[in-house]
Amino acid sequence: MRDTTLALLLVAVVFTVVIIAAARRRVLLRMSLKNIARRKTRAAIVVLGLMVGTALISSAMVVGDTLEYIFTEDVLQRWGQVDEVIGTQSAGVYLNFTDSYYTVLSQDLASRNAPIDGIAPGIVQRLTIRNELEGLWAEPVSVIGIDSALEAGFGSLITTEGSSVATQDLVQGQVYANQRVAEKLSATPGSQLRLYFSQASFVVTVADILGDKGTANLDKQQIIIMRLDEAQTRFQMPGRINFIRVSNTGNEEDGIQHTAEVTAAINSIMDAHGWNPATRPRVAEVKQQGLDDARGFSKDVTQVFFIMGAFAIVAGILLIINIFVMMAEERKSEMGISRAVGMTRGQLTQSFLFEGAIFSALSAFLGSLVGLGLGSLVVYFFSVVFPISDRGLTVTFHFEISSLVLAFAIGVLITFFTVVLTSWFVSRLNIVRAIRGQPEPVPRRTTLLEASVALLLVLGGVAAIWLRSYPPANIASIPLLILGVMIGSLRIVNPRYTATLGGIGIIAWVLGPKFVESNEPDIYVPFVTAGLLLVLGAVLIVVFNSSPFLRMITRFGAKGKAHPVLKTSLTYPMSKKFQTGMTLGMFSLIMFAICIISMIQGMQGSAISNQIPQQTGGYDLVAHTTEFKRIDDANWSRGMQESGVSEYIESVSNATVVPVGVLPPGNTKTIPYTLWGVDNVLLTTNEFGFRELADHYYDRGGQYHLIQTPRDAWTALADSDELALVDGNAAGGTEVSPAEGELRLEVGDRVSVVSYQTGAMQNFTILGILQQSLPGTMGLFVNQQVVRGNYSMTWSAYFFQLRPGVSARFVADSLKSTFIEYGYGLETVIVAEVLGQVIETADRVLLLMQAYLGIGLIVGIAGVAVIMVRAVVERRQQIGVLRAIGYTKRMVMVSFLLEISFIALFGSVIGIACGIVLAYRVWSMFFQEVTPFIIPWLHLAAVALIAGVATVLATASPAVRASKTPPAAALRYSE
């Protein structure tokens with residue numbers, strides 16, 4: 001639920017002031033209502049133009065609401081009544097501990113009246129399972145042992161037929177299977193399933209199929225449920241368990257209110273009993289963390305859409321200004337007559353203000369509703385680009401009323417205050433000239449208005465310099481000063497020189513070194529500020545320097561009848577620099593955003609491609625056992641021979657892996673991680689790249705060694721038992737994989753590694769940080785003998801380099817099916833597939849952004865069409881004059897189309913040019929060593945061509961109508 005209090009309060013204040021003013025100036029209100037009533041078509045066009053910004057704001061909020069709802073519901077379904085899980089999990093495997101922990105915790109929590117309504121012990125093992133009759137495999141399957149007598153607070157086990165069952169109903173060798181397992185294995189009641197565990201296997205019978213709900217839906221996994229006592233026997237864990245589930249008081253969603261209190265109580269009990277913090281199980285706030293992640297993700301997505309839509313929203317504001325300025329131009333004579341008969345400037349402003357208030361309310365209301373449709377369209381594309389339904393998530397369109405209310409309020413405020421400024425500006429007219437329809441003369445001296453605006457901008461620049469620690473203020477500081485000086489000197493220096501120098505100064509500042517002087521974690525806000533200022537600077541340069549260029553075009557660009565048409569089409573927009581600048585800015589902003597996204601997409605793809613060798617280390621396949629056990633040399637040799645894949649393998653390296661707790665410098669709490677002991681083959685043959693590396697190390701004998709190549713760093717692990725390398729995740733992630741977990745390390749850090757088995761501690765110095773951070777291969781890398789000599793409960797991992805052209809999937813499946821017969825479950829990571837998914841996901845994100853900006857481009861084109869409609873009305877008498885002096889219908893139509901074509905062309909060039917230079921600046925500072933600078937010329941040209949053609953088509957109708965206007969009717973035209 002979004003907080004709408006402040007926004008609604010501001011809207012209430014605004015409309016209270018308007019209503020009071022309208023009550024005191026009823027004549028002005030009636031004039032405004034009549035103006036709207038007798039121009040119904042144009043009023044509708046104005047409302048449609050004004051609702052652009054609100055629609056984009058509303059759609060961004062609706063998308064955020066929908067995603068939050070989808071992922072929140074997924075978390076609630078995933079965990080059901082479970083709020084906390086007590087246990088230590090490493091690499092997806094729970095470590096076992098004595099079941100006396102459960103007895104003590106349940107008794108002490110009850111004696112403390114902790115707000116829980118359920119606590120239950122259990123065992124979970126991730127195994128490979130085969131349907132004996134069908135010959136179908138499933139892995140990994142979570143085989144869970146529970147005691148239904150202790151499951152109060154977690155709900156009953158419900159079959160697909162709707163009946164309630166319990167583990168007490170099971171006899172020896174019977175299990176329940178959830179729907180996911182049943183579908184995967186074609187299992188039915190009575191099916192025989194073989195479970196592979198600890199170099200052996202055993203067969204169980206499916207007693208019934210459970211619906212994917214409650215405990216049978218835990219973490220949305222494939223689940224087999226058996227009796228807890230049988231699980232302890234089958235998995236050789238007498239008197240031991242490996243996780244405890246806790247249900248807080250309340251329903252599935254309300255229980256999280258007690259999470260902090262329950263977690264504190266559990267830790268307090270553990271401390272009171274003196275349980276070793278290094279070896280005791282941990283409290284994981286699974287539901288709270290899941291909901292926080294869901295809400296954080298939806299917030300981030302909403303923010304991204306806001307940022308991407310910010311350019312279109314600003315374009316919408318420019319459209320509002322343009323529309324009201326054009327309305328004022330159209331009704332200039334009418335306003336002059338009103339002033340002549342006694343209406344004051346303030347009253348004229350109020351008349352416009354009442355009209356604008358009505359327009360802002362209508363447009364904001366319609367815009368918030370249109371945003372619903374736009375949001376549903378974005379959600380649809382999101383579900384297509386990211387097929388989340390394949391991951392068990394249900395795509396349900398959802399929105400909060402508060403989001404629509406907030407979008408309405410923001411739309412009203414943006415539109416209203418833009419109208420206020422525009423109304424005040426257009427009311428400043430000379431009565432006689434307005435009645436005659438003559439343009440206002442250019443003042444010879446700086447006016448009070450110009451001086452006031454210049455002073456405000458300068459003061460704003462000074463304030464921004466004072467607030468320079470805030471990135472947008474830092475970026476906007478000098479440009480505000482430049483704009484203030486530029487406006488203040490317009491009447492002193494030639495405006496062309498002033499605007500040109502001002503535009504150059506703004507661009508130079510934005511692209512200068514100050515652009516990156518901030519510690520702002522969110523780069524989006526300064527990015528938008530920089531984009532807006534770049535486009536502003538470019539528009540100033542183009543608008544005030546286009547006359548010579550256009551004169552050259554008119555002189556050499558066309559002959560005969562085409563010459564006056566070309567000259568007419570280019571002269572008018574340059575005579576209306578303010579309106580032309582607004583229109584150019586509107587079009588350029590959207591093209592700028594599209595250009596930036598296109599370039600990011602190209603460079604990101606290139607960066608990921610460049611990362612592939614450093615991420616893979618030259619290996620095609622990684623395999624590791626699914627349990628805490630190593631494959632001995634005899635079984636390994638036999639399995640490799642029987643699998644028949646030896647001939648396809650170039651080389652194999654192995655590692656011994658163990659879950660540990662890592663204690664970074666300055667921390668008092670260990671972080672679950674994995675310790676990889678790598679063999680000499682891996683040390684000498686891998687190609688992993690480094691993002692950071694020390695320049696020297698000391699070996700076992702204390703001898704000093706320089707590190708000149710990555711190979712030296714791996715050699716150092718063989719020379720010392722106290723050195724370690726760590727994956728890129730520990731340094732904040734890479735282009736391929738975002739940062740996960742809490743562990744953050746730097747080169748040179750001295751870390752302590754704690755054994756979960758014995759509590760023993762070892763110290764390692766971080767020698768380097770790897771580029772690789774692929775799932776399944778993250779951890780601390782040390783000498784293999786260190787791990788084998790100090791840890792007994794480990795598992796084996798293997799790195800395969802395959803021969804050219806060999807299918808990694810074939811090798812992986814062959815290895816798994818062979819070693820499972822020896823009781824070794826294997827999980828495999830096919831490196832190319834993982835990287836392919838990463839690249840595909842990155843491309844999909846940017847594709848979605850482009851689609852959203854494409855909608856913004858459509859809005860911008862529609863805005864240009866609205867402006868053209870207004871321009872035809874405004875210039876109706878001019879059209880009559882042109883027709884009277886010999887212009888044909890075709891010449892008038894072509895003149896209008898050429899005019900808008902030049903606007904679209906210049907807008908595209910400005911937007912694309914600004915996008916390229918900003919992207920180059922960012923690349924040169926941050927990504928120069930990661931990827932080459934890539935400009936997708938073909939893509940940008942296609943977008944510009946589509947935008948130009950669409951703009952011409954959208955404005956063709958008013959141009960045709962203008963050409964069909966009879967000269968006499970146009971000359972006599974008055975509203």
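# Talking through the predicted model

Biologist: Lys287 first: is this residue buried or exposed?
Modeller: The relative accessible area of Lys287 comes out at 0%. The cut-offs are under 20% for buried and over 50% for exposed, with partly exposed in between (1.4 Å probe, protein chains only). At 0%, Lys287 therefore counts as buried.

Biologist: Before we go on, what pLDDT do side-chain atom pairs need to count?
Modeller: Residues are numbered from 1 along each chain as its sequence is written, and side-chain values use heavy atoms, with hydrogens and water left out. This is a predicted model, where totals for chains, interfaces and linings use all residues, local features need pLDDT of at least 70, and side-chain atom pairs count only at pLDDT 80 or more.

Biologist: Which residue meets Lys287 in a salt bridge?
Modeller: A salt bridge here needs a side-chain nitrogen of Lys or Arg within 4 Å of a carboxyl oxygen of Asp or Glu. For Lys287 the N to O distance is 3.4 Å, and the partner is Asp83.

Biologist: And how many residues apart in sequence are the parts that this pair ties together?
Modeller: Helices are DSSP runs of H or I with at least four residues, strands are runs of E with at least two, and both are numbered from the N terminus. Asp83 lies in the loop between α4 and β1 (84–86) while Lys287 is in helix α9, so the parts tied together are separated in sequence by 204 residues.

Biologist: What about Asp83 itself, buried or exposed?
Modeller: Its relative accessible area is 1%. With that value, Asp83 counts as buried.

Biologist: Where in the chain is the salt-bridge partner of Arg295?
Modeller: The side chain of Arg295 meets that of Glu68, at 3.9 Å from N to O. The pair links distant parts of the chain, 227 residues apart, with Arg295 in helix α9 (residues 286–330) and Glu68 in helix α4 (residues 52–79). Arg295 is partly exposed at 29% relative accessible area, and the figure for Glu68 is 29%, again partly exposed. So the partner, Glu68, belongs to a part of the chain 227 residues away, namely helix α4.

Biologist: Which helix holds both Glu230 and Arg234?
Modeller: Their side chains form a salt bridge too, 3.2 Å from N to O. Glu230 is buried at 3%, whereas Arg234 is partly exposed at 23%. The two are 4 residues apart, about one turn of the helix, and the helix is α7 (residues 228–234).

Biologist: How many salt bridges does a search of the whole structure find?
Modeller: The pairs we went through include Glu230 with Arg234 and Asp83 with Lys287. The search over the whole structure gives a count of 16.

Biologist: On to the rings: how is the pair of Trp636 and Tyr798 arranged, stacked or edge-to-face?
Modeller: Rings of Phe, Tyr and Trp (its six-membered ring) pair if their centres lie within 6.5 Å, and planes under 30 degrees apart are stacked, over 60 edge-to-face, the rest tilted. The whole structure holds 23 aromatic pairs. In this one the centres are 3.9 Å apart and the planes 5 degrees, which makes the pair stacked.

Biologist: Which strand does that pair tie to helix α20?
Modeller: Trp636 sits in helix α20 (residues 633–643), so the pair ties together parts 162 residues apart in sequence.

Biologist: What is the arrangement of Phe690 and Trp714?
Modeller: Their ring centres are 6.3 Å apart. The planes meet at 55 degrees, so the pair is tilted.

Biologist: Which helix does Trp714 lie in?
Modeller: This pair links distant parts of the chain, 24 residues apart, with Phe690 in strand β19 (residues 690–693). Both residues are buried. Trp714 is in helix α22 (residues 710–719).

Biologist: Which residue's ring has the charged end of Arg245 over it?
Modeller: The test asks for NZ of Lys or CZ of Arg within 6 Å of the ring centre and within 35 degrees of the ring normal. Arg245 is 4.9 Å from the centre, and the ring belongs to Phe154.

Biologist: Last one: which residues outside its sequence neighbourhood does Val786 touch?
Modeller: Val786 is in helix α23 (residues 784–790) and is buried at 5%. Contact means heavy atoms within 4.5 Å. Leaving out residues up to four places away in sequence, Val786 touches Asp721, Gln762, Phe764 and Tyr791.
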